[in-house]
Every structure is written in structure tokens, then in C-alpha cells.
Amino acid sequence: MNIKRYISLLIVFALLLGCFSCQAKPAEEDEAPVVFETLAPTPTPEPEGFAKVFGKEEIKVSVICEGTEAENTLFAAGILSESEAMGMKAEFFYAEDTAAALDEALLSEADLIIVNAKTALEKSIETDKTVVIFDHTGSFGTGADLVITKDNSQAITQLYEAILTYPPHDTPVRLLAMFESEMTAASEAFNTYMDEGKFMYKGTFAEAESEYSLEDWANDRLERYFPGMIDALIAENESYALHMAEALKAAERDDFEIFSCVLTEKILGIMQDNPELIAAAIGTNDALAGKAAMLLGLRALSGEVVSDLALMSEVFYAAEFAGDAKNWFMENAFAEAYENETTQYLKDFLSKSDR
């Protein structure tokens with residue numbers, strides 16, 4: 001191949017290469033750049049109501065009451081006043097065997113268990129549930145988050161002083177007395193008051209030492225003392241107070257008043273219906289105990305450490321009830337002392353919602 005032909009082939013190849021280059025697609029200078037959109041995370045709504053306080057939407061409350069429904073009206077009323085104010089349902093169980101009922105509740109789905117134990121409950125429990133015991137006898141063992149007890153250390157003195165100041169009594173008060181034994185605290189205090197000249201002895205029934213039955217002694221006193229000869233009678237237990245009230249009613253007498261060393265639903269019923277028979281009784285406000293059990297129990301359930309509570313004994317006068325003892329006790333159950341931000345939040349939340 002001569003030099004001229006070689007040069008000619010190079011020129012042809014260069015021309016062909018130029019043609020192919022001209023046919024290639026030109027770059028699109030105005031093509032829009034790719035944009036990747038970043039999505040903001042959806043915020044998780046803040047819990048409200050029960051979920052905010054307890055971490056769950058529903059709270060189950062089981063209330064175990066020793067005895068019948070009629071024997072627990074004040075305590076139940078205190079529970080219900082607070083549970084309903086916070087939109088909770090409290091389920092009530094009435095039982096004679098409180099320990100067995102508590103064992104069943106511990107196996108249930110209840111979150112808060114409240115027990116009204118009127119007799120000895122010498123029991124220790126281990127559970128992750130919140131447990132509140134209203135312990136009337138001071139016999140409960142261990143394991144409850146809160147134990148409410150009764151401080152009756154000054155009860156006898158309070159009641160005897162009430163007898164002295166009750167109108168129209170004069171000192172010395174002419175007093176009949178009914179005791180379980182001559183060795184009880186009430187009997188010994190009675191002797192002290194007599195030694196001080198504050199009481200005038202008119203007869204004592206000490207059941208453990210007496211040769212008389214309760215009925216015979218009561219009938220003998222009513223036959224021996226005519227109206228105007230006795231100012232008052234002190235009854236150490238419910239049985240004595242109820243028996244003497246019935247004896248006075250049967251004899252159509254109301255010339256002296258009964259002062260009871262205990263306050264029960266039955267005694268309260270007579271105080272309300274026949275205040276001239278049982279004038280006063282010493283005890284604690286069980287409606288307040290119910291309110292405190294509910295409020296402090298919920299505070300413990302929310303994770304707060306609560307301290308045990310002792311309710312002080314008070315003298316309750318029949319004349320104060322104005323025909324409605326239950327409402328009187330409820331009005332004087334000062335729940336505000338056991339409120340906190342948790343319980344107040346729940347009440348406010350219910351009032352603003354449709355729960």
C-alpha cells in the first residue's frame with residue numbers, strides 16, 4: 001500500500017467517526033435533578049387518664065367486706081364516693097371467712113384489693129397486687145401496701161367524759177354498768193371514776209363473774225329503779241347495748257340513756273331511729289376509712305410509697321345525725337387529707353371526658 005492510499009483511508013475513517021458522533025443523543029442540560037423527600041416521624045400521643053397514671057386503660061378494684069352488706073354500709077359508701085368520682089368500678093364481696101376471700105382475690109385479675117377485716121386476720125401475703133387492709137383488731141401480719149388501724153387508746157376516757165358532760169347529767173352521775181369482765185379496761189376505768197366521786201354506783205353486770213344472766217340482770221335493774229333514779233348506762237359491747245335498748249323500749253321507758261363502748265351498724269340504726277335510747281357511742285368513722293382506703297390505695301398502685309394510717313376514736317352523738325346518720329358520716333369523712341395530684345387528676349379527667 002502506497003503512502004497516498006494509506007492517507008486516503010485515514011481521512012475516510014475520520015469522516016465516518018465524525019458522522020457517528022453527530023448521531024449520538026445530546027445531553028439534556030435542562031433535566032430536573034432527583035429529589036428524595038424526608039418524612040417527619042408521626043408523634044406518639046401522650047397517654048391520658050388511667051393509662052397515664054397506671055400504664056393501663058382499665059383498673060379493677062375488689063373490695064372484701066367481713067359480714068353482710070348491711071353491716072358494711074358506711075365503709076362501702078366511702079369506697080363508692082371515691083371510685084365513682086374517678087370513673088372506676090369497685091366490685092364488692094361480702095364474706096364471713098375474710099382470709100379465704102382474700103386468697104381468691106389474690107388469684108383474680110384485680111389490680112387493687114381492699115379488705116375490711118373486723119375480726120383477727122393474722123395473715124402474711126406475698127403478691128405484686130396492691131393490697132389495703134382496714135384492720136379493726138390490729139392483728140394483720142405483713143405484705144399489705146397499706147394498713148389502716150383504729151387508735152382506741154383514749155376511747156374509754158372519751159366516752160366517760162362524754163357521760164359526765166352530757167346534759168342534764170350532774171356529778172356524780174348515777175350510772176349502771178355492763179362489762180364483759182371485772183378485769184377489762186372499761187371496768188377498771190369505771191372504778192377509778194367512782195373513786196374520784198364522778199360516778200355513783202347503781203349496779204354492775206360483769207358477765208364473766210356474774211351469777212345472773214344478762215336478761216335477769218337487766219329486768220332486775222328496771223324493776224328496782226323507777227324513772228328518775230338512773231342517769232345513764234354504760235355498755236361495753238354491742239350485745240349489751242342492743243339488749244338494754246330493747247328492754248327499755250319494751251318497758252316503754254326512756255328515762256336514762258345508753259352509752260356504747262362500740263359503734264356498729266346495728267347500734268347506729270338505733271341511734272338514728274331512737275336517739276332517746278342510745279345517746280352516744282365511741283368508735284371511728286368507717287366512711288372515712290373507706291375513702292382513705294380507696295384514695296391511698298390508688299396512690300400506692302400508681303407507684304407511690306404510702307404510710308400506714310391510724311384513725312382516732314370519736315364520740316358520736318345521736319342528736320347530731322338529724323335523721324340521716326349515713327349522710328352525716330359521709331359529710332364528715334374528710335377525704336381531702338388523702339388526696340394528691342394523682343387522684344385529683346383522675347377526677348378532673350373524668351369530669352372532662354365521656355367515660
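Which residues does Thr342 touch, not counting residues up to four places away in sequence? The first legend has the reply, and every view here comes from a predicted model.

**View A. Thr342 and its contacts.** Leaving aside residues up to four places away in sequence, Thr342 touches Val53 and Ser302. You will find Thr342 in helix α12, which covers residues 341–352. Thr342 counts as buried because its relative accessibility is 18%, and the cut-off for buried is under 20%.

**View B. Strand β11 and its alternating side chains.** Follow residues 309–312 and look at where the side chains point. Leu309 and Leu311 point to one face and are buried. To pick out one of the partners, look for Asp151, whose bridge partner in β11 is Met312.

**View C. Two cis peptide bonds.** Start at the bond from Pro167 to Pro168, which is cis, with omega near 5°. Then move to the bond from Thr171 to Pro172, which is also cis, with omega near 5°. Pro168 lies in the loop between α5 (155–165) and β6 (173–179), and Pro172 is found in the loop between α5 and β6 as well. For background, most peptide bonds are trans.

**View D. Glu252, a residue with positive phi.** Glu252 is not a glycine, yet its phi is positive, at about 55°. Most residues other than glycine have a negative phi. Glu252 sits in the loop between α8 (238–250) and β9 (257–260). Is Glu252 buried or exposed? With a relative accessible area of 75%, Glu252 is exposed, since the cut-off for exposed is over 50%.

**View E. The largest nonpolar core and Phe329.** This core has 72 residues, and the members that touch the most other members are Val61, Phe75, Met88, Ile114, Ile148, Ile258 and Phe329. Helix α10 (residues 286–301) gives the largest share of the core, 10 residues. A second, separate core has 24 residues, including Tyr160, Tyr193, Cys261 and Ala279. Now zoom in on Phe329: not counting residues up to four places away in sequence, its contacts include Leu74, Leu263, Leu268 and Asn285. Ala287, Phe316 and Phe321 are also among the residues that Phe329 touches.

**View F. An open sheet of 6 strands.** Read the strands in the order β7-β6-β8-β9-β10-β12, and note that the pairing is mixed. The edges belong to β7 (199–206) and β12 (314–317); each has a single partner strand, so one side of each is left without a neighbour in the sheet. From one strand to the next, the twist averages 20°. At one end of the order, β6 and β7 pair in the parallel sense over 6 bridges, and Met178 stands opposite Phe205 in β7.

**View G. Two helices lying across the strands.** Helix α6 (residues 185–195) lies across β6 and β7, and runs at about 160° to β7. Helix α9 (residues 265–273) lies across β9, β10 (278–283) and β12, and its angle to β10 is about 145°.

Technical notes: Residues are numbered from 1 along each chain as its sequence is written. This is a predicted model: local features need pLDDT of at least 70, side-chain atom pairs count only at pLDDT 80 or more; totals for chains, interfaces and linings use all residues. Side-chain values use heavy atoms; hydrogens and water are left out. Buried means under 20% relative accessible area, exposed over 50%, partly exposed in between (1.4 Å probe, protein chains only). Helices (H or I, at least four residues) and strands (E, at least two) are DSSP runs, numbered from the N terminus. Two strands pair if DSSP finds at least two bridges between them. Contact means heavy atoms within 4.5 Å. A nonpolar core is a set of buried Ala, Val, Leu, Ile, Met, Phe, Trp, Tyr and Cys residues joined through side-chain atoms within 4.5 Å. Axes are lines fitted to C-alpha atoms, for helices over the stretch in contact, and angles run from 0 to 180 degrees between N-to-C directions.
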